Amino acid sequence: QVQLVESGGGLVQAGGSLRLSCAASGSIFSINIMGWYRQAPGKQHDMVATITTGGGTNYADSVKGRFTISRDNAKNTVYLQMNSLKPEDTALYYCNVRGKDSLNRDFGSWGQGTQVTVSS
């Protein structure tokens with residue numbers, strides 16, 4: 001099994017910054033894609049940003065230029081630096097990790113979610 005532990009959410013004023021972290025542990029052989037998703041009340045679950053093992057990134061249009069995703073492969077950890085936060089960024093943020101476990105089976109795991117609230 002692969003476990004994800006997220007941290008870094010909180011309450012911040014518009015224009016402020018937060019940094020989310022997500023550390024993966026357990027029976028991991030390799031990690032391919034790591035990413036962040038979010039879900040606001042009454043809205044669908046949306047991709048925020050993803051990053052591959054080689055550092056290739058993909059962002060939702062709504063966060064381009066404001067958010068930066070990065071990863072530390074040695075620590076199996078992914079980060080999301082969020083700057084210039086807006087009230088519409090308020091949501092529950094989930095980490096997602098995909099790769100192969102110690103038995104060379106594909107896995108995909110989700111974190112428990114961390115709340116980000118941006119006040120106007």
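A residue counts as buried at under 20% relative accessible area, as exposed at over 50%, and as partly exposed in between (1.4 Å probe, protein chains only). The model is predicted, so local features need pLDDT of at least 70 and side-chain atom pairs count only at pLDDT 80 or more, whereas totals for chains, interfaces and linings use all residues. Residues are numbered from 1 along each chain as its sequence is written, and side-chain values use heavy atoms, with hydrogens and water left out.

By these cut-offs Asp89 is buried, at 1% relative accessibility. Its partner in a salt bridge (a side-chain nitrogen of Lys or Arg within 4 Å of a carboxyl oxygen of Asp or Glu) is Arg66, with 2.7 Å between the closest N and O atoms. Arg66 is in the loop between strand 6 and strand 7, and Asp89 is in the loop between strand 8 (77–82) and strand 9 (91–101), so the pair ties together parts that are 23 residues apart in sequence. Strands are DSSP runs of E with at least two residues, numbered from the N terminus. Arg66 is also buried, with a relative accessibility of 11%. Through salt bridges with shared partners, Arg38, Arg66 and Asp89 are joined into one network.

The structure holds 5 salt bridges. Another of them links Arg105 to Asp101, the closest N and O atoms being 2.9 Å apart. Asp101 has a relative accessible area of 10% and is therefore buried. A further salt bridge is formed by the side chains of Lys64 and Asp61, at 3.1 Å from N to O. Asp61 is exposed, because its relative accessible area is 65%. This residue belongs to the loop between strand 6 (57–59) and strand 7 (67–72). The C-alpha atoms of Asp61 and Val48 are 8.6 Å apart in space, and the two residues are 13 apart in sequence. The side chains of Asp61 and Lys64 also make a polar contact at 3.1 Å. A polar contact is a pair of N or O atoms within 3.5 Å; within protein, one must be able to donate a hydrogen and the other to accept it, and residues adjacent in sequence count only if both atoms are side-chain atoms.

Glu6, in strand 1 (residues 2–7), is buried yet has no salt bridge. The side chain of Glu6 does reach backbone nitrogens. That of Gly113 is at 2.8 Å, and that of Thr114 lies 3.2 Å from a polar atom of the Glu6 side chain. With neighbours within four places in sequence left aside, the residues in contact with Glu6 (heavy atoms within 4.5 Å) include Ser21, Cys22, Trp36, Tyr93, Tyr94 and Cys95.

A search of the whole structure finds 1 aromatic pair. Tyr37 and Trp110 form this pair in an edge-to-face arrangement, with 5.1 Å centre to centre and 65° between the planes. Rings of Phe, Tyr and Trp (its six-membered ring) pair if their centres lie within 6.5 Å; planes under 30 degrees apart count as stacked, over 60 as edge-to-face and the rest as tilted. Tyr37 lies in strand 4 (residues 28–39) and Trp110 in strand 10 (residues 106–110), so the pair ties together parts that are 73 residues apart in sequence. Tyr37 is buried at 15% relative accessibility, whereas Trp110 is partly exposed at 44%. Elsewhere, the charged end of Arg19 sits over the ring of Tyr79, 4.1 Å from its centre. The criterion is that NZ of Lys or CZ of Arg is within 6 Å of the ring centre and within 35 degrees of the ring normal.

Most residues other than glycine have a negative phi. Asn76, in the loop between strand 7 and strand 8, has a positive phi near 50° and is partly exposed at 24% relative accessibility. Asn104 also has a positive phi, of about 65°. Asn104 is in the loop between strand 9 and strand 10 and is partly exposed, with a relative accessible area of 47%.

Thr77, in strand 8, is buried at 8% relative accessibility. A polar atom of the Thr77 side chain lies 2.9 Å from the backbone oxygen of Lys75. Not counting residues up to four places away in sequence, Thr77 touches Cys22, Ala23, Met34, Ser70, Arg71 and Asp72.

Key: Helices (H or I, at least four residues) and strands (E, at least two) are DSSP runs, numbered from the N terminus. Lys and Arg count as positive and Asp and Glu as negative; His and the chain ends are not counted.
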